[in-house]
Amino acid sequence: MKLTLKIWRQDGPSQKGGLAAYPMDDVSPDMSFLEVMDMLNEQLIARGERPIAFDHDCREGICGSCGFMISGEAHGPVKLTTTCQLFMRHFRDGDTIIAEPFRSRAFPIIKDLVVDRSALDKIVQAGGFISARTGSAPDANAMLIPKDKADRAMDAAACIGCGACVAVCPNGSAMLFTAAKIGHLGLLPQGQPERRQRALRMVNKMDELGFGACSNHGECEAVCPKGISIDFIACMNRDYMRASATETMEPVKRV
Amino acid sequence: MELNAKIPAGPMETKWEKHQFNVKLVNPANRRKYKVIVVGSGLAGGSAAATLGQLGYDVSCFCYQDSARRAHSIAAQGGINAAKNYQNDNDSVFRLFHDTIKGGDFRSREANVYRLAQVSAAVIDQCVALGVPFAREYGGCLANRSFGGAQVSRTFYARGQTGQQLLLGAYSALSVQVALGQVKMYPRHEMLELVVTDGHARGIVVRNMVTGEITSHAADAVVLGTGGYSNAYCLSTNAKGCNATAIWRAHRKGALFANPCFTQIHPTCIPAAGEHQSKLTLMSESLRNDGRIWVPKQAGDRRNAWDIPESDRDYYLERKYPSYGNLAPRDISSRAAKQVCDEGRGVGPGGRGVYLDFAEAIGRLGESVIRERYGNLFEMYEQITGENSYKQPMRIYPAMHYVMGGLWVDYNLMSNIDGLYVIGEANFSDHGANRLGASALMQGLADGYFILPCTIGDYLARVSPSDRLKTDHAAFRQAEQDVKDRTSRLLSADGTRTVDSFHRELGALLWNNCGMERNEKGLREAMAKIPLLREEFWRNVKVPGSAADFNQSLEKAGRVADFMELAELIVYDALDRDESCGAHFREEHQTADGEAARDDARFSFVSAWEFKGIGQRPALHKEPLVFEYLQLTQRSYK
Amino acid sequence: MQLTVKDMTRIFSFSRTNVGSKVVLAATGAVIFLFLIGHMLGNLQIFEGPERLNAYAALLKSTGKLLWGARIMLLVAVTLHIVTAAKVTLANWRARPVGYTCKKNIETSYAARTMIITGPLVFLYVAYHLMMFTLLKTGPEYSETDVYANVVAAFKMPVISGVYIVAMLILGAHLYHGIWSMLQTVGIGNSRYRRLRRTVAPAVAIVIAAGYIAIPVAVLAGIVK
């Protein structure tokens, strides 16, 4: 296959960036998108040019490191797929593919396609946990959890934190990411004691970090590599409303 | 050097409990004065950092990923073992201990493994308390499955994402401590040097991977939970960033490296599609429960799978191992696959693959049953290969997956350098010569949540925070300078070959000569070639960019440089261990059935290697292995 | 129930959060939605003949305080709806300061993306509509008591009908996303009702728009004289 890659190049956070075109020959349909990037980088290094920076690690769709916009879609045109699991057989010979970094005020660009997603960590630090000190746990079967509840919690827990939801949201909102964590822990009996505080802390932190609001476009769900449903956003809103009516946000406590 | 494993005296069942009583305690009010560095944020490092933070220590945690949640533990699929006996199938601490020792082919310490089995139940409790959504039965109890040929169902799982869920649990516990300021998190930081003075670990030197800044961090103890070194083989199931730099730097500073040649191959991975292949993807071994493995009888048979009649197929595992058949252990089925491919009977690109065929199972059980059992794996396979396994057989091939070897540690998980602890895959302790499925997660979390937080206090109680070095101490200055020198050497070589091309060559050399099967000739050949490749690397590598910047090529170059040195040690160890055991299969030593033939009289010990300089033969120290509770037996899967 | 100062502060600070703002939009939207239904049902009485409609108009006027109460509530709802929408939109724009060179829309609808345009357009139309029928009473041959005649006379003019029909289509588009969005925002988020929400919301939007549009069409077609 022959392809043209148009890739966002930006030297650093404060430098100006722009798209640069790279014609590619000899692309195999069995290559992953990132392997094409590897190949391009090898060529760039050989030519004495600066290789393209992009985040990637496990290359099996679970670590959430990789991800950029591929021709206008986060993680590219295939549903339920991360960038590393996107294979070139889904493109046509002669295609021009545009690769841009995930964009959001909360995701400043570091270099080329690499963005700083530490804001997502901060949302989790605000309340995305159950405070259970090591050693304090009762027997695992002391608490029975209906299978459907556990399964639904797992649906939400599957989030890999890649940030695609933020990237495609017209409002740069992290509602799906936040709702997935609140949904996962809120569905489980272990998560009940901190449920309201969790909703308050995480949602308020999301606002504070400069993420936008949800306008219910549903773009996030459409690009989520793990298919997390926006129903969890509705649940989160409910939790947040209830919490706002009954509790005042408190800081994280020692466990 | 005398290796003292510091195994507590007394009966096996009470060693750990007695040890917990005997270790010195740090007064809770004093704990905040102690600084502990944890490198790595996976199951071991993340759970250790979180727990040490809870205990009140002043913890700094470093990881090369952009978030602690992305450590490679996240990619573990199958599950986590624990001796809970929830299935009432006669499981027990002793049985898990027995299975682990036997699975490790009697090359691990009894006391460590027994403790691991004891702690395993508490690990599950802790994970559930943190909200890990393990699979449940309809009554609400935890579900279990049997895994990796175990006779009991003791594996807990969360769909095919157990590692992810366990890691997110540890990450959430870590996040609490970060929010409280008890743990300071340093993502996108890579440890490049360990600082040791007077035999004590004093801290580390790290590189900020965004700015390129080199900084020193001093502590009263350093914990390495940096995972394994499978990526020395270039193509493995590990993440692209997984590396051995932290443990290798520690090794160069005096930490002994134990059993480096114990590397594990996973039999069911998707074969490489071509030269461009950047990593290999593992598929759950559970596929072998219903799939039949075969290759054409004739070498060079290029017909499509569906055009090959039954009479021209060789179901070689069923033929060679009638009782276990397609479920023969990992190493046996891996070697068998290599053998048929070496005979020219392999399938797919490059002839490196064997068929895993579900046609018979689909015919017997129906497609819907197979879809229910393996639907997600079939989807994953199709995503990667573009082939529909309901219609045609999968192609699989073994790949490097896990390393049992690692830095030598005593019962306290402390290396031979005082104050340097090594946990999880980075140490050598529990899996012997072969790890059982679903035991890696168990060990990582047992080390991090329960064992290290207890044993590290014993050391800290004997040192004073006032003795902690300042980061402007000469030792730190020197270490920083070493890092900078090495970096500028890499950047200034300005040769003609990329880092990746060297890595591929090194990987191929190791895979072919020190992979699934090893023999003296191949090992000697590797031994001769590695130093030449290393020499060319330093002379002819081309690393673009600068040190004071986000530079992924430079990161890779540093890691590959360390693999170049480690590779030689792997080969030394494989050559020295003139027996077959577990995953270490020396062709010269096999039974008539092609089984690994152990030589207990000569090799019932842990090989702990001491660094003596690049290109110098490392010094071997032996820790004898004594089996008081289990009888050494030869396994048979006929 | 007595609202304390603390409660008021809490409600105020809630309404300033992203989720809170959306809840305000949903709640005020619901009030406006209810008004739209009532207004439509009232208007549709035109098909029952002049007496019925005029009697209804007289009834409304006779309720006095009640009518003013409703009007004030509606006015507050509309004001809050507009102010909050403007605030949320600005915040959303701030959250994505740099756009994409290439961005595809996958799940979102045209209606969803144009809420910030259809909203003001509907508002402009409502202003004009009020001027015409309620405030300035600028309609042709205006009569205080014969509402029916006023409506028929106005809609006989194709320009007035045309503008009205276009405005109602725009309103329909706003409701198309608005109703679904309202349900989602206030957390009626059980997946069992998901399909219901996704089909009922547009259906209701279509019914409302069609109900309003039926009147000028009927006048133009000579069904209502």
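1. How many residues of chain A are in contact with chain B, and how many residues of chain B take part? In this predicted model, 65 residues of chain A are in contact with 62 residues of chain B, where contact requires that the C-beta atoms of two residues, placed from the backbone, lie within 7 Å.

2. By class, the side of chain A that touches chain B holds 32 nonpolar, 16 polar and 17 charged residues; Ala, Val, Leu, Ile, Met, Phe, Trp, Tyr, Cys and Pro count as nonpolar, Asp, Glu, Lys and Arg as charged, and the others, Gly among them, as polar. Among the elements that give two or more residues to this side are helix H1 (33-46) and H5 of chain A, and H1(A) gives the most, with six residues.

3. Helix H5 of chain A (residues 175-187) has 13 residues and reaches 17 Å from its first C-alpha to its last, close to the 18 Å expected at 1.5 Å a residue, the expected span being 1.5 Å times one less than the number of residues. Helices are DSSP runs (H or I) of at least four residues, and strands (E) of at least two, numbered from the N terminus. Because 13 of the 13 residues of H5(A) are buried, this helix is largely enclosed by the rest of the structure; buried means that 20 or more other C-beta atoms lie within 10 Å of a residue's own, with C-beta atoms placed from the backbone.

4. On confidence, the predictor gives the complex an ipTM of 0.98 and a pTM of 0.97.

5. On conventions, residues are numbered from 1 along each chain as its sequence is written, while chains are lettered from A and ligands numbered from 1 in the order in which they are written. As the model is predicted, local features need pLDDT of at least 70 and side-chain atom pairs count only at pLDDT 80 or more, whereas totals for chains, interfaces and linings use all residues; pLDDT is the predictor's confidence in each residue, from 0 to 100.

Note on methods:
Buried ≥ 20, exposed ≤ 12 C-beta atoms within 10 Å, placed from the backbone.
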